[in-house]
Structure formats: structure tokens, C-alpha cells
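Hi,

Here is the structure I promised to pass on to you. Have it open beside this email, and find each residue as you read.

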Amino acid sequence: MKYCLSVLTGLICALIWVSPASADELRPAYVELTQKSSSDWLLLWKASERSRLGQSGEVILPANCTQVGETEKRFAATNILTNLSLNCTGSMAGQSIGLKGLELSTTDALVRIAPLDEATQTLRLTPKAPIATIAQKDEIANVAWTYTIIGIEHIVLGFDHLLFVLALVLLLKGGWLVAKTVTAFTIAHSITLIGSTLGYLSLPSQPVEAIIALSIVFLAVEIVKAQRDHHIHGPRLSERFPWIVAFLFGLLHGFGFAGALAEIGLPQDDVPMALLTFNLGVEIGQLIIVAIAFGLLWLIRRFQQSWLQPVKTATSYAIGIVATYWFIERMVA
């Protein structure tokens, strides 16, 4: 029981102190190597300007490539974009590419290799494996695995979506009700994620990010009011029809997922597979969050029932404070 409370206390402290800088540190880096002619290649790599990788990282070039001309750097939103022109001899198959400094980071990196007459390849670099070997051809299983992991990481390490799902668990009672509500959230964000990624739907990212933060504030307020007024007024509208609330806000969160996916990039030859598996990864991440939250609440209910409501209230206030800060910051930005 003491361990359970320590975990919850740590969670609350982490929520209070989390900042956009730490979120940027967790944002995946991106490297793209595109062939322009038989020997000319263009390398683009992107990382958050507030991350250690963006400030001091460096691409480890394939051994058969040499840089031509000067390095070009520019800022785009909160990212540093670096362009290099390369002269490469022979095939890229069997060559290695990586990111120097990734081993000191807390994020992953996605690498796309786009030859002229061959299928695009997708590689994933991690702090434990910052260098990868370019294969003869990309395997669709590699794309599926890469984007599933990226989807899991985006929901588990993407604090705004994580807090929304956590708030749903705190608001609702009963596993079946939570399952239906999370399913409604899933359907909604899948619609806008796919529509936005394929170019059928579009909204400005800044207002969307602000409203996503506001949706978390709304749920935090609903949790506190539901605990306070339940015996007086009965279940609130968000408790009676939570799937409607989750669906409406899920449409907005889908635009947020699409924005993140646009920053990461999609393999041109396997867009449907990348979309499907990214969304699958998001769902797996949601299930992880729900399972952990349910497990902690069950432990408290099992061993110290009287602490359940105070813990819920404290966590709700922590979520509301963080989300309010995000909302104000995004509105000002």
C-alpha cells in the first residue's frame, strides 16, 4: 500500500512539474535521406530546438557518402532543420546511418531512406541502438513494428493525451463504462487522424492544441464536481453520457495525433500500413494507461478505502493545474 501511494505521489509531482521543454525532449527526431540523381543525395534531419539532440546532435553518414558544400540550418516552429548535400557512391544497401548524441537522449528517431528506383525504407533508432543498417529492401513488417511503437510512445509519453485518458478513468465508475468511453474516443480520433493525414480534413494546429488542453481542464473540473455534488444532484451529464463527451473531444485529439504524425513523416509506399499501425499503437498505449490507473485505484480501494477520494481529488487538481498552464501557454503562443 505504501508503494502504491508513493507511485501516485510521484505521478502527481510529475504532472505538476512537467513542462513543454520535457515534452520536446521526448519528441522523436527525424532523418530523411533522399536520392536526387545517381550519386546525389539530400539529407534532412529534424529535432526539437529545446532538446539536447537538437542542440548538439549530429548525423552519422553512410560510409559511402561525403558532404558537398555547407551545412544549412534553419528554424521551423520549435524544430531545428538541417540540410546536407551528399555525394554517395554505389548502393545504400548494407550501409549504416545513425545519430550521434541519441544515446544521451530520451527520445527515438525515425529514418527514411528514399532511393530513386527502389522502395522507401523506414528505420527506427533508439538511445540503445543509435545506428542502424540499411537493408536491401524495406519489409512491411518493419514499417508496421516501427509505427506501432511510435504510436505507443506518443500516447504514453505525450502528456496531454495521457492526462485525458487518465481523467476519463478517474471520472467514471466501472470497467465496462470506461471501455465504451475509451472506444468512443478511439473511433473519433481515428476519423480525424486518417482524414487529416490523407488531406481531407484540416484545422490550424495552434487552436487545436489549446482546445485539447481545455478538454483536459474540463474533465478535471468534472471529476471534482462529480465527487462533491453526486449525492445532491445525482450523476452529471459527463457521467451519464461520457461517450458523447469522449467522442467530441476525440475528434480534436485526432488532429493532434495527425500533427505529430506529420512531424514524424510517413513512408510514401506504405501509408495505409503506417496509419493503421500508428493508430494501433495509440490504442495499445491507451490500454496501458487504463490498466495502470485501474490497478492503482484497485489497490487503494482494497487496502485503504478512505484514501480513495482524497487521492482522486489531489490527482484531479494536479491534472487541472497542468492543463490550465498548457492552455494559457498555447493561447499566448
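A293 sits in helix α10, in a model that is predicted. Is A293 buried or exposed? With a relative accessible area of 6%, A293 falls under the 20% cut-off and therefore counts as buried. Setting aside residues up to four places away in sequence, A293 touches L166 and V169. There is also L170 to look at: A293 and L170 are 123 residues apart in sequence, yet their C-alpha atoms are 8.2 Å apart in space.

Two packed helices are described by the angle between their axes and the distance between the axes.

Helix α6 runs over residues 175–197, and α10 itself over residues 271–303. How closely do the axes of α6 and α10 come, and at what angle do they cross? They come within 11 Å and cross at roughly 155°. An angle over 145° counts as roughly antiparallel, so α6 and α10 are roughly antiparallel to each other. Their crossing is right-handed.

To trace this contact on your screen, start with the α6 residues G175, V178, V182, F185, T186, H189, S190, L193 and T197. They meet L275, F278, N279, V282, E283, Q286, V290 and F294 in α10. By class, the contact of α6 with α10 has nine nonpolar, seven polar and one charged residues.

α10 has one more packing partner to show you. Helix α11, residues 308–332, packs with α10 at an angle of about 150°, and the axes are 9 Å apart. Here L297, I300 and R301 in α10 meet L308, V311 and K312 in α11. The residues of this contact divide into four nonpolar, no polar and two charged.

Next, please look at A213, in helix α7 (residues 205–233). A213 is buried, with a relative accessible area of 0%. Which residues does A213 touch, not counting those up to four places away in sequence? They are A323, W326, F327 and R330. As for Y325, it is 112 residues from A213 along the chain, while their C-alpha atoms are separated by 8.6 Å.

Now for the strands. How many disulfides does a search of the whole structure find? The search finds one, and it joins C65 to C88, with an S to S distance of 2.0 Å. The link is right-handed, with 115° about the S-S bond. It connects distant parts of the chain: C65 is in strand β4 (residues 65–76), C88 is in strand β5 (residues 79–88), and the two are 23 residues apart. C65 is buried at 7% relative accessible area, and C88 is buried at 1%.

While you are at β5, find T82, which lies in that strand. T82 counts as buried too, at 6% relative accessibility. Leaving aside its neighbours within four places in sequence, T82 is in contact with L43, L44, W45, T71, E72 and K73.

Finally, zoom out to the whole protein. Its secondary structure comes to eleven helices and nine strands. Of its 333 residues, buried ones make up 50%. Among contacts between residues at least 6 apart in sequence, 75% join residues at least 24 apart.

Enjoy exploring!

Best wishes

Terms used
Residues numbered from 1 in each chain as written. Predicted model: local features only at pLDDT ≥ 70, side-chain atom pairs only at ≥ 80, totals over all residues. Heavy atoms only, no water. Axes fitted to C-alpha atoms, helices over the stretch in contact; angles between N-to-C directions. Helix = DSSP H or I, 4+ residues; strand = E, 2+ residues; numbered from the N terminus. Parallel < 35°, antiparallel > 145°, perpendicular 65-115°, else oblique. Left-handed = near helix turned anticlockwise from the far one by under 90°. Contact = heavy atoms within 4.5 Å. Nonpolar A, V, L, I, M, F, W, Y, C, P; charged D, E, K, R; others polar. Disulfide = S-S within 2.5 Å. Buried < 20%, exposed > 50% of the residue type's maximum accessible area, 1.4 Å probe, protein only.
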